[in-house]
Amino acid sequence: MMQNRPLTPLLALVLAAALAVTLFPVFWVVMTSLKPPTDWNAAPAIWVPSEPTLANFRTLFDPSALEAYGLSGVSQPATPAILGSLLAAVLATLLSIAIGLASAIGLSRYAKLSKWTPLVILSGRMFPPAAIAVPFVIMFSAVNLIDSYAGLIAIYVAVTLPFSTWMLKSFVDDLPREIEQAAMLDGRSRLMAHLLVTIPLIKGGVFATTMFIFILNWSEFMFALVLSYTSVTTIPVQLAKYVTATAGTLYGVQAALAVLAMLPLILAGYAIQGHLARGMTFGAVKR
Amino acid sequence: MKDLQTTIPAVLRLDGLEKRFGAAEAVSDLSLELPAGSMTVLLGAAGAGKTTTLKMIAGLEPPDAGRIEIAGLDLTEAEPKDRNVAMIFDNLALYPNLTGYGNIAYPLRVARQAPEVVDRKVRQLAQVLKIGHVLERLPKTMSGGERQRVALGRALVRDPALFLLDEPLSSLDAMLRIELRAELRRLQREAGHSFFLATPDFSEALAVADTVVLLRAGRVVQVDAPQRLYDYPADMEAARFVGAPQINLVPARFAAEGLELAGQRFACPGFRAPRAAAFTLGIRPEAISAVPAGTGMIDATVTDLEPLGHLIALSAATAAGEMRLTGPAERFAAHAEGDAIGLVFDGPALLAFDTATERLLTARP
Amino acid sequence: MRKNRNQILDTVAKMDSGAMTRRSFIRKMGSLGVAAGVANAVALSPLGVRKAWAAISGPEERAWALAVEMAAKAEKKTLTLLIPTGSIGNMTPYADLWKTELGIELVFIEEPDEVVHTKGMQEAVAKTGNYDVMMPTAMSYPDWIDSGVIYDLTDWVEAHDPEIFNPDWGVVFPASHHAQLYNGRVAGLLNDGDQITLLCRKDHIENAGKAKAFADTFGYALGTPATWQEYRDIASFMHDPANGFYGSLEYRSRYYVKWMFMQRLISKGRLYFDQDMNPTFNSPEGLAALEDMLEMNQYLHPDAFSFTWSSNYNAFGRGEGFMNIAWPSGFKYAKAPSTGPATSGNIAATVMPADRLADGTLLHAGMFCWGYGYAVSKYSANPELAYAYAQWMTSPTISMDAIPYLGGYSDPYRVTHMKAPSQRMLDTYTQPYLDTLYDNIVNTVPDFCVPGGFEYQDALDKEIHACMTGEKDPQAALDDASRAFERITRRIGKDKVQQSWLALTRNLAEPIKKASGADTWL
Amino acid sequence: MTPKLALKSVSKRYPGADVAAVEGLDLEVGAGETLALLGPSGCGKSTTLNMIVGLEHPSGGRIEIDGRDVTNIPAGKRNVGLVFQDYAVFTSMTVRQNLAFGLSVRRVARAEIARAVGEVAELLGMSDRLEARAGDLGGSQMQRVAIGRTLVTRPAILLLDEPLSNLESAARLAMRRELRRLQKEIGLTIVYVTHDQIEALSLADRIAVMQAGRLRQVEAATRILSRPAHTFVASFLGEPPMTLLAGRLSGGVFETGGLCLPVRSDLPDGRLTLGLRPQGLVPCGAADSALAGTVLHVEPRGPEAVLTVNCGGRKVKAVVPPGAAPAPGQVIGLAVPPGAVTAFDGDTNLRLHGSRITLGVPA
Amino acid sequence: MTDFTHDPAALADPPPRPAGRRQRTSAMRWLVLPGQIISLVVLVLPLLVALYMSFTDWSPTRGSLWDARFAGLFNYEELLVYDTRFVEAVIRTLFLAVTCLSLEFALGLGLAVLFLREFKGKSVLFSAFLTPMMILPVVVGYTFWMLFQSNGPVNQILGLFLGPEAMPEWFRSAPLAMIAVIVTEVWHWTPLFFLILLSGLNAVPENPVRAAMILGASPRQIFFRVVLPMLKPVIIVAFVIRAMEIAKLFDEVFMLTRGGPGSSTETVSLYIYKLAFNDFQLAYGAAAAFLVLVGTLAIINLMLLPVRDQLLKGQG
């Protein structure tokens, strides 16, 4: 059979090397986040910080924290970006899931799909963001949504909606429709049958999709970059901003923000590991 | 027995029901009346429109045209929950997150019945269905038969006007299937429920039905009592569909002596000749007997012997084409391939079909 | 500044009434934070002390009066400023004053340098009104004015007179024109005298052994280079990569490298376009400039290809090179012990090297690049307040106070900043360096301060970079850049660019106009 | 003569399982013979099959093919062909590629492959479908491909694992005929695994009935119905199967539940199970047989009808011609000719050989 | 004897069309409506605006979009005929797609095959190998920017093994910067192929494999001739997803090289971003975006053709 053969020492070595390559960048960014400024871009590179410090992380919330190392001029705390990312990603995810669930049930149970449907849905992910960013700016300025989280969330919902719909639909498709039909015959209305039977039965799928959409929203960069003016900002945008007059690129602070940014995603990713393939492929590949 | 119609109220009346999926017609012009308290079987091959019909009755598929009346009420447009019908799906559709108890209790809980009433009803039913031991278990830990019974329980607990059963036994082993269908029959009889059961298996239909509705390509072909369906199939296709081994269909002519098959004329006592001169003769395998060569109505050569347990199916080449006949194993065991034999037809059992329209020509008694 | 305002006025009044000697006046003004040079100029002014003081402090006072009036009227009590990252240090010291005295809260939105233009253009489309004051480089003005995202400040300038054209304390000519005007109208108030100068390591020049070795090799004395040839000689001489010490630090990184080329090009008496908007760099001069740069590559700091201004400053400050082509802020950082541990006290600065023209004359030309200024958003809720802020911050007095702060990169731009500096200014820049700045700025040529400026500079930058990394040979790079320029001009409209280009070149230093032929253009 | 295939006390025990999947299996299949391995699902027949083909290794015993011990020879080298229940055709390949697979992986010459494939395609009537993608075929055609793919390699033994169970009933009938034809034409040694007794009866020379990992009976197909060796076989085979009455014989009376039947036999008193063959029982007057009762229901089957008669609380089944069927509720007797009754030991459930027994004739 | 009527006369009056269909379609409509509105307003409408824009000569320096001059196909002609930078970016993006996808596929497949073996700690390692794809693209870009610094760890390791000559300035040379981009992309997304291929491998039905085994195929023959072809749909889906992402590739490269040196690592996305948000040639940028969108759609559609039905059924 294909399975169950043991790993030969040579293959084990290959695997170990692959693992090292896979984890090294993560190791590096984590180490950098713990490095004092003198270690940031030292030559030769310093792998493990000489004196590990949390100052970089503190700087994210208190820009003066690095002054202890003689570095001044960090003017921006990352707090607004972190809060902004949380707000935009969480709300947009919840909305995308709520609307996506309704659409998924509608499509799975009541619609006839044409052979073009997958392409149409996929094309939602194919728009070059730069192409729609400009019209967004024009349209949003007309309705005062520019530089508002409402606007950013609307975009996030729209661009993740094809994803959430299609992925959730694949979960709804997995559930025999007879189960909710049974509930309808057992006395539930159509709506209640979906609410009380369909959705609870795919709650694992809903959770996975939620995490997945969260990953997408949390990672989004270009829209946030383009649409942030004064009040809106997110972590990826802030990450690109950490350059100051005196210290140049704030490697450590950037790394600290990077660590904070990737932590929830890695956790979310591990939590839905089993569904990740499905998520990444629009529900086309199941596990 | 026409007057039965007036004495037994119809629990279900379908009138000109139609349903199409895109260009494909799933059900067309379906009109039916189901008497209360009976077991009616909807028989048809896969894709004949059985499930669509049941789902339209249940309100799960909206018909494109037609009327559905349940227990005297026009419920064509009603929501499923307002139709007072129960349905058992071919995949059973148990709530996977509820225990056996929860599944059976579900309709009662939706109807907000008092917990003690629910409990009483569920336990009572569990006893009848012999599933007391699975009440606390989730469906995935139950055996096929147990799940089947739980599904039955969930339907029975409500006492609806009509039960719709969509191939409820199809997923079970042969032995279990036979056991359960007898039980289904018993339950239906004892409580006087109205069952509308869909199946592709003619032997199941014959075994349990009071009446069989034969459905083909979305149209009703025949509505009849089981044995009559076998004895007088409405057309050639129905004749082929009902009965195993299949009926022999050979071109034949009416002759003064009786019958003419492939140029051979012979008398066939009891054969009720149709009014047409040329027709297709339908001969059930058991309506042929083998006799020594030269002594039969036509001559034949044995081409194959297929043991089927107590019976043997014998294939014989005749001038009119190959024919299959069945007979007791003891009697046929003596034959061997290549043997010359004679065939004798059981005249009263022969059927005549119009070759062109394929409709049954033989008059029904 | 404001706190001792009354004391200053008292002092001026005393001096004016003759109740004070010149010496004690200068000392007293010094103690009040007024530069000795300013005090001296005031004291010696033929206008009389009170009038002269009023002339210098007038822009501030008028701006303040306008601010008070507008702040009172304003419904929105905040002023939002879009500023490039790294410039905030020159502005934060005054935020409290605006808060306490005017009740106006200053909100700073920092964006990376290259994003400020983007955000401004976006505002043209988005019209959020979220910015009141925007701080672009001079290159942004044409597109911003055309897009209607910022006010033409001319009327306000006339009404409240920031005295930017005053020969004694205004912005140094020609920067006063090319860094503030678009088609002859004021688009923004300059806040940052960005130009590049050459920093050298005095300690190494003064190293007798080296000086001798150099003289022996090259036949002339070691010093700050006067020409590009000397620059190259000295870089090659000082280059010592084994010890992490490199001949020079200049930029080969994307976005910066174009300036290195433009500087060399104008040194050869070429502007970027001719009178008819044909690119001029695709010429022997352009080729020579490129080849000079390629040759210099071997004597550069290895990080030149990734330098940003901050990493460049830090590398020089750590003592990793003999020379550096730097903005004035670079000098500021190199001089401060905290950021220039190796360079503090060891810098000899000079104007950018010259090139000998065909006629044998030495042409001194400098790049005026970047050059942040204050612009007022069309969508601001309180545009006049925003203007008042701009005038106040750039007034001779306030700017003199603001520029020396280390946390920002605002650089001297008024005549007084260089010729009559305050003590703090002197402490930050030193008088020799301020003189160098003055000598350099009067010969500057600006960035592409014409419509589509960013497109031009990016197209040029891309090709120069490709050439520097060896991806393209010099001629191909110049050909491609020149084709790109023609396409950009065509798309934007030749007439529009030409009008602005001619307006720009009309106000350049005479030697440069003459060398490039611009003096004959219409 | 050496049997083609011999299983010698083969057993299979999965780690962690309480009971053996297969226990002490002894079985021989002669050359050219078709043996059906029949049993309910989970009886161990698929495990047995997998062991023969080499997909699983027996925990004990040995397997011989042509007298050669193949127990430790891997699958693919035993010259055994297997046709899977789900056909397992290579759906991404064409029919031709499927058929050629077994030879091409052995690097047989191209011309030889083409010839063999053509031959088999001809045999299976697939010659015109060779270029079709196997994934696009219908069930019975896939079946043919699966069989053909195996035949091309000329296996010593062909194993068929429930080959018809995934087919629609009409296709199943046709395919059954097809298999019978092939069997005749090629003369292969076939082991046929099924849970469908009709298939087994129709196709096999001998039938081996398995239950719970054990072999209950191996018998010629023609005789197994009339001579079940074990009550399990009796209850499993037949349509409907025998009515089994477990009870006690004492003093010429067989008592089972509330039913007492006079018995004439040479059997000693004691626990006894009697099997009544439904096809053997003949309806008669209620008074004419001790085996009498109310007709519970009549199941028409077309050519015949199945009666369920409540005889003293035991439900006895009888098969009658449809025309002769009594109505439900009628009280009838059932005559039991001597051939219709089989006696089993009440304790071992094994058939009592050679016993003569007459039942139900009122004293 | 029949209890049933099957009387054609009953159909003399055709029964009224029931409302059931209405009911169901309305259920569908209400469920799908919010999603449709959002998609329409926030995706389709902007796209139409962009499409309109692409036929004008609009840039904010020319006033409002609605006053912009209609320019016909000027922008498209510019792009395809004269704008070598655009054409180069397209070719470069295609090159990136081909290179990265092949590498990711090969590495992902290798890793997936390793994971068919039995070894201790498999599930933990499985998670570990998935880590890269969960990381934000900007963080990945930033991290690799650090790694590829001239005095960064990559050069340090290279120097250790190959000597100091092998410590190049990664972002200074076009080919090296391209390698850095490819390495980053491959590191980031190989786990996706690994994950998808492993799911696919685990879902390969056992019987065809067993059948091939019984037919005498070697493990190698089984893998390449039976297993891989069965994975085709899954592989195509993976390729499609990645191809789509590469068409939009922006974040990592933006953080890593900003498209440099020169424009030697500039992807179409970066170029469109530059056109739109640096040069504010909005109409021109929109035209470029449309060309890219249409091209991507065409390519993806071609790639999808063999698996479209499976996608519809929602199966991989």
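Start at the interface of chain D and chain E, where the rule finds zero salt bridges. Keep in mind that this is a predicted model.

**Stop 1: chain D against chain E**

Select both chains and show the residues in contact. Chain D brings 24 residues and chain E brings 15. Together the two chains bury about 1,600 Å². Carbon and sulfur atoms give 63% of that area.

Now pick out Phe84(D), Phe101(D) and Val105(D). These three supply 27% of the area that chain D buries against chain E, more than any other three residues.

Four residue pairs make them between chain D and chain E, both partners at pLDDT 80 or more.

Next, colour chain D by secondary structure.

You will find 12 nonpolar residues, eight polar ones and four charged ones.

**Stop 2: the two domains of chain C**

Select 2-190 together with 373-408 for domain 1. Select 197-368 together with 478-514 for domain 2. Give each domain its own colour. Their centres, taken over C-alpha atoms, are 31 Å apart.

Show the contact between them. Domain 1 of chain C gives 20 residues to it, and domain 2 of chain C gives 16. The area buried between these domains is about 1,400 Å², with 63% from carbon and sulfur atoms.

Select His178(C), Asn183(C) and Leu406(C). This trio supplies 38% of the area that domain 1 buries against domain 2, more than any other three residues.

**Stop 3: charges and helices in chain C**

How many salt bridges cross the interface of domain 1 and domain 2 of chain C? The rule finds one.

Show the side chains of Lys496(C) and Asp146(C). They meet in a salt bridge, at 3.4 Å from N to O. Three residue pairs are in polar contact across the interface of domain 1 and domain 2 of chain C, both partners at pLDDT 80 or more.

Finish on the side of domain 1 that touches domain 2. Helix 6 (113-126) and helix 9 (175-178) of chain C are the elements that give two or more residues to that side. Helix 9 gives the most, with three residues. By class, this side of domain 1 has 10 nonpolar, seven polar and three charged residues.

Terms used. Residues numbered from 1 in each chain as written. Chains lettered and ligands numbered in written order. Predicted model: local features only at pLDDT ≥ 70, side-chain atom pairs only at ≥ 80, totals over all residues. Heavy atoms only, no water. Contact = heavy atoms within 4.5 Å. Buried area = accessible area lost by both parts, 1.4 Å probe. Salt bridge = Lys/Arg side-chain N within 4 Å of Asp/Glu carboxyl O. Polar contact = N/O pair within 3.5 Å; in protein donor to acceptor, adjacent residues only side chain to side chain. Nonpolar A, V, L, I, M, F, W, Y, C, P; charged D, E, K, R; others polar. Domains from an automatic or database assignment. Helix = DSSP H or I, 4+ residues; strand = E, 2+ residues; numbered from the N terminus.
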